[in-house]
Amino acid sequence: FEAQEPLGGSTRLIGLETAVSAYVYERNTGTLVYAFNPDMKMQPGTFTKLVVAAVALENGNLDDVVTVNSMSYRSLPGGAVTAKPYLKEGEELTLRDLLHLMVLTWANDATITVAEHIGGSQENFIRMMNDWVKAAGCTDTTFLNCHGLGSTEQRTTARDLARIVEYACKDSKFRELFGTNAYTVPATN
(Lines give C-alpha, C1' and ligand atoms only; values in the text may rest on other atoms or scores of the structure.)
Protein backbone atom coordinates (compact mmCIF):
# COMPACT_ATOMS: atom_id res chain seq x y z
CA PHE A 1 0.00 0.00 0.00
CA GLU A 2 1.14 3.51 -0.65
CA ALA A 3 0.28 6.43 1.59
CA GLN A 4 -0.38 9.69 -0.17
CA GLU A 5 -1.06 13.10 1.30
CA PRO A 6 -3.33 15.05 -1.07
CA LEU A 7 -4.11 18.76 -0.79
CA GLY A 8 -5.90 19.42 2.47
CA GLY A 9 -3.45 17.39 4.57
CA SER A 10 -5.39 14.14 5.10
CA THR A 11 -3.60 10.89 4.31
CA ARG A 12 -5.24 8.20 2.20
CA LEU A 13 -4.06 4.68 1.52
CA ILE A 14 -3.73 3.77 -2.14
CA GLY A 15 -4.38 0.12 -3.03
CA LEU A 16 -7.18 -0.54 -0.55
CA GLU A 17 -9.99 0.13 -3.02
CA THR A 18 -10.05 -3.46 -4.31
CA ALA A 19 -8.66 -5.36 -1.32
CA VAL A 20 -10.77 -8.15 0.15
CA SER A 21 -8.81 -7.95 3.39
CA ALA A 22 -6.42 -5.43 4.91
CA TYR A 23 -4.63 -4.74 8.17
CA VAL A 24 -2.56 -1.58 8.53
CA TYR A 25 -0.91 -0.54 11.79
CA GLU A 26 1.79 1.80 13.02
CA ARG A 27 4.66 -0.50 13.89
CA ASN A 28 6.31 1.52 16.68
CA THR A 29 3.17 1.99 18.77
CA GLY A 30 1.05 -0.91 17.50
CA THR A 31 -1.74 1.55 16.76
CA LEU A 32 -4.31 0.17 14.35
CA VAL A 33 -4.62 2.51 11.36
CA TYR A 34 -7.06 0.57 9.20
CA ALA A 35 -8.66 -2.87 9.17
CA PHE A 36 -11.02 -4.45 6.68
CA ASN A 37 -11.82 -8.16 7.14
CA PRO A 38 -8.48 -8.60 8.96
CA ASP A 39 -9.33 -12.15 10.06
CA MET A 40 -10.75 -13.38 6.76
CA LYS A 41 -9.00 -16.62 5.84
CA MET A 42 -7.31 -16.62 2.45
CA GLN A 43 -4.56 -18.46 0.62
CA PRO A 44 -1.09 -17.03 1.34
CA GLY A 45 0.34 -17.80 -2.11
CA THR A 46 3.78 -16.29 -2.57
CA PHE A 47 3.74 -14.85 0.96
CA THR A 48 4.55 -18.43 2.00
CA LYS A 49 8.14 -17.70 0.99
CA LEU A 50 8.42 -15.09 3.77
CA VAL A 51 8.05 -17.88 6.30
CA VAL A 52 10.35 -20.21 4.34
CA ALA A 53 13.05 -17.53 4.41
CA ALA A 54 12.58 -16.79 8.11
CA VAL A 55 12.72 -20.47 9.11
CA ALA A 56 15.75 -21.09 6.87
CA LEU A 57 17.63 -18.09 8.27
CA GLU A 58 16.95 -19.19 11.86
CA ASN A 59 17.98 -22.79 11.26
CA GLY A 60 20.59 -22.70 8.52
CA ASN A 61 24.01 -21.36 7.69
CA LEU A 62 24.08 -19.04 4.65
CA ASP A 63 27.41 -20.54 3.53
CA ASP A 64 26.13 -24.14 3.55
CA VAL A 65 26.56 -25.82 0.17
CA VAL A 66 23.25 -27.36 -0.87
CA THR A 67 22.83 -30.01 -3.58
CA VAL A 68 19.71 -29.79 -5.76
CA ASN A 69 17.44 -32.83 -5.96
CA SER A 70 15.30 -32.17 -9.05
CA MET A 71 12.98 -35.08 -8.25
CA SER A 72 11.70 -33.01 -5.32
CA TYR A 73 10.17 -30.28 -7.42
CA ARG A 74 8.84 -32.25 -10.39
CA SER A 75 5.44 -32.30 -8.71
CA LEU A 76 5.09 -28.49 -8.84
CA PRO A 77 1.91 -27.36 -10.62
CA GLY A 78 2.31 -26.38 -14.28
CA GLY A 79 3.29 -22.77 -14.73
CA ALA A 80 5.08 -22.57 -11.37
CA VAL A 81 7.88 -20.01 -11.35
CA THR A 82 11.32 -21.62 -11.31
CA ALA A 83 14.88 -20.35 -11.46
CA LYS A 84 16.13 -19.34 -14.91
CA PRO A 85 18.14 -21.20 -15.98
CA TYR A 86 16.48 -24.12 -14.24
CA LEU A 87 18.19 -25.71 -11.28
CA LYS A 88 19.65 -29.07 -12.25
CA GLU A 89 19.88 -32.28 -10.26
CA GLY A 90 23.25 -32.43 -8.53
CA GLU A 91 23.87 -28.69 -8.90
CA GLU A 92 25.53 -27.14 -5.84
CA LEU A 93 24.62 -23.67 -4.56
CA THR A 94 24.96 -22.00 -1.20
CA LEU A 95 21.91 -21.50 0.97
CA ARG A 96 22.49 -17.74 0.44
CA ASP A 97 22.24 -18.22 -3.36
CA LEU A 98 19.06 -20.27 -3.07
CA LEU A 99 17.38 -17.77 -0.73
CA HIS A 100 18.15 -14.93 -3.13
CA LEU A 101 16.71 -16.94 -6.05
CA MET A 102 13.64 -17.62 -3.94
CA VAL A 103 13.13 -14.00 -2.84
CA LEU A 104 14.12 -12.10 -5.98
CA THR A 105 12.60 -14.41 -8.60
CA TRP A 106 10.06 -16.38 -6.47
CA ALA A 107 11.72 -19.57 -7.73
CA ASN A 108 9.74 -22.51 -6.40
CA ASP A 109 12.47 -25.04 -7.23
CA ALA A 110 14.85 -23.04 -5.02
CA THR A 111 12.17 -22.91 -2.31
CA ILE A 112 11.77 -26.69 -2.23
CA THR A 113 15.54 -27.16 -2.24
CA VAL A 114 15.85 -24.82 0.75
CA ALA A 115 13.04 -26.62 2.60
CA GLU A 116 14.57 -30.05 2.10
CA HIS A 117 18.02 -28.84 3.11
CA ILE A 118 16.83 -27.21 6.34
CA GLY A 119 14.10 -29.69 7.31
CA GLY A 120 15.51 -32.92 5.89
CA SER A 121 12.20 -33.32 4.04
CA GLN A 122 9.44 -31.03 2.84
CA GLU A 123 7.06 -32.55 5.40
CA ASN A 124 9.37 -31.83 8.33
CA PHE A 125 10.05 -28.31 7.05
CA ILE A 126 6.30 -27.62 6.83
CA ARG A 127 6.02 -28.63 10.50
CA MET A 128 8.82 -26.16 11.25
CA MET A 129 6.94 -23.44 9.35
CA ASN A 130 3.74 -24.06 11.31
CA ASP A 131 5.66 -24.01 14.61
CA TRP A 132 7.34 -20.74 13.56
CA VAL A 133 4.06 -18.95 12.79
CA LYS A 134 2.62 -20.08 16.14
CA ALA A 135 5.70 -18.60 17.86
CA ALA A 136 5.05 -15.38 15.91
CA GLY A 137 1.58 -15.20 17.48
CA CYS A 138 -0.40 -16.34 14.46
CA THR A 139 -3.69 -18.02 15.28
CA ASP A 140 -5.24 -18.43 11.82
CA THR A 141 -2.35 -19.58 9.64
CA THR A 142 -1.74 -23.14 8.41
CA PHE A 143 0.82 -24.25 5.85
CA LEU A 144 0.48 -27.51 3.92
CA ASN A 145 3.34 -26.94 1.48
CA CYS A 146 6.44 -24.77 1.32
CA HIS A 147 5.78 -23.00 -1.98
CA GLY A 148 2.23 -21.67 -1.57
CA LEU A 149 0.87 -23.19 -4.77
CA GLY A 150 -2.08 -25.46 -5.40
CA SER A 151 -3.43 -25.98 -1.89
CA THR A 152 -6.85 -24.51 -1.22
CA GLU A 153 -6.54 -25.66 2.41
CA GLN A 154 -3.46 -23.54 3.12
CA ARG A 155 -4.68 -20.39 4.91
CA THR A 156 -3.66 -17.14 6.58
CA THR A 157 -5.20 -13.74 7.37
CA ALA A 158 -4.13 -10.13 6.86
CA ARG A 159 -3.66 -9.81 10.64
CA ASP A 160 -1.42 -12.90 10.73
CA LEU A 161 0.59 -11.67 7.73
CA ALA A 162 1.33 -8.49 9.69
CA ARG A 163 2.48 -10.64 12.63
CA ILE A 164 4.66 -12.74 10.31
CA VAL A 165 6.40 -9.70 8.83
CA GLU A 166 6.85 -8.04 12.23
CA TYR A 167 8.32 -11.20 13.78
CA ALA A 168 10.58 -11.95 10.80
CA CYS A 169 11.89 -8.38 10.62
CA LYS A 170 13.45 -8.76 14.07
CA ASP A 171 16.16 -10.79 12.29
CA SER A 172 18.76 -8.56 10.61
CA LYS A 173 19.54 -11.32 8.07
CA PHE A 174 15.87 -11.37 7.05
CA ARG A 175 15.82 -7.59 6.62
CA GLU A 176 19.02 -7.72 4.57
CA LEU A 177 17.68 -10.53 2.34
CA PHE A 178 14.40 -8.75 1.63
CA GLY A 179 16.20 -5.44 1.14
CA THR A 180 18.35 -6.80 -1.68
CA ASN A 181 17.57 -5.36 -5.11
CA ALA A 182 19.92 -7.49 -7.21
CA TYR A 183 22.04 -10.57 -6.66
CA THR A 184 24.36 -12.54 -8.94
CA VAL A 185 24.58 -16.27 -8.37
CA PRO A 186 28.17 -17.33 -9.07
CA ALA A 187 28.84 -20.14 -11.52
CA THR A 188 28.01 -23.53 -10.05
CA ASN A 189 29.48 -26.97 -10.59
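The model is predicted, so local features are reported at pLDDT of at least 70 and side-chain atom pairs count only at pLDDT 80 or more, while totals for chains, interfaces and linings use all residues. Residues are numbered from 1 along each chain as its sequence is written, and side-chain values use heavy atoms, with hydrogens and water left out.

In soluble globular proteins, nonpolar side chains tend to be buried together. A nonpolar core is here a set of buried Ala, Val, Leu, Ile, Met, Phe, Trp, Tyr and Cys residues joined through side-chain atoms within 4.5 Å; buried means under 20% relative accessible area, exposed means over 50%, and partly exposed lies in between (1.4 Å probe, protein chains only). The largest such core holds 43 residues, and L87, L99 and W132 have the most contacts inside it. At least two residues of this core come from each of the helices α1 (48-59), α2 (95-105), α3 (108-119), α4 (122-135), α5 (158-168) and α6 (172-178). Helices (H or I, at least four residues) and strands (E, at least two) are DSSP runs, numbered from the N terminus. The largest share of the core, 8 residues, is supplied by α1. Contact means heavy atoms within 4.5 Å. Leaving out residues up to four places away in sequence, L99 touches A53, A56, L57, L62, V114 and L177.

How do the helices meet? The axes of α1 and α4 are 10 Å apart and form an angle of about 95°. Axes are lines fitted to C-alpha atoms, for helices over the stretch in contact, and angles run from 0 to 180 degrees between N-to-C directions. The two helices α1 and α4 are therefore roughly perpendicular to each other; angles under 35 degrees count as roughly parallel, over 145 as roughly antiparallel, 65 to 115 as roughly perpendicular and the rest as oblique. On the α1 side, the contact is made by T48, V51, V52, A54, V55, A56, E58 and N59, and on the α4 side by F125, M128, M129, W132 and V133. Sorted by class, this contact has 10 nonpolar, 2 polar and 1 charged residues. In this sorting, Ala, Val, Leu, Ile, Met, Phe, Trp, Tyr, Cys and Pro count as nonpolar, Asp, Glu, Lys and Arg as charged, and the others, Gly among them, as polar.

Helix α4 also packs against α5, at an angle of about 90° and with the axes 9 Å apart. Helices α4 and α5 are therefore roughly perpendicular to each other. Here W132, V133 and A135 of α4 meet I164, Y167 and A168 of α5, a contact with 6 nonpolar, no polar and no charged residues. The buried residues of α5 are A158, D160, L161, A162, I164 and A168, and they pack against β3 (22-26), α1, α4 and α6.

Also in α5 is R159, which is partly exposed, with a relative accessible area of 23%. Apart from residues up to four places away in sequence, R159 touches Y23, P38 and D39. The loop between α4 and α5 contains G137, a partly exposed residue with a relative accessible area of 32%. Although G137 and I164 are 27 residues apart along the chain, their C-alpha atoms are separated by 8.2 Å. Outside its sequence neighbours up to four places away, G137 touches D160 and R163.

N37 sits in the loop between β4 (31-36) and α1, while W106 sits in the loop between α2 and α3. Both are partly exposed, N37 with a relative accessible area of 36% and W106 with one of 34%.

Finally, the cysteines. A disulfide is a covalent bond between the sulfur atoms of two cysteines. With a disulfide taken as a pair of cysteine sulfur atoms within 2.5 Å, a search of the whole structure finds 0. C138 is in no disulfide, and the nearest cysteine sulfur, that of C169, is 13 Å away. C138 is buried, with a relative accessible area of 7%.
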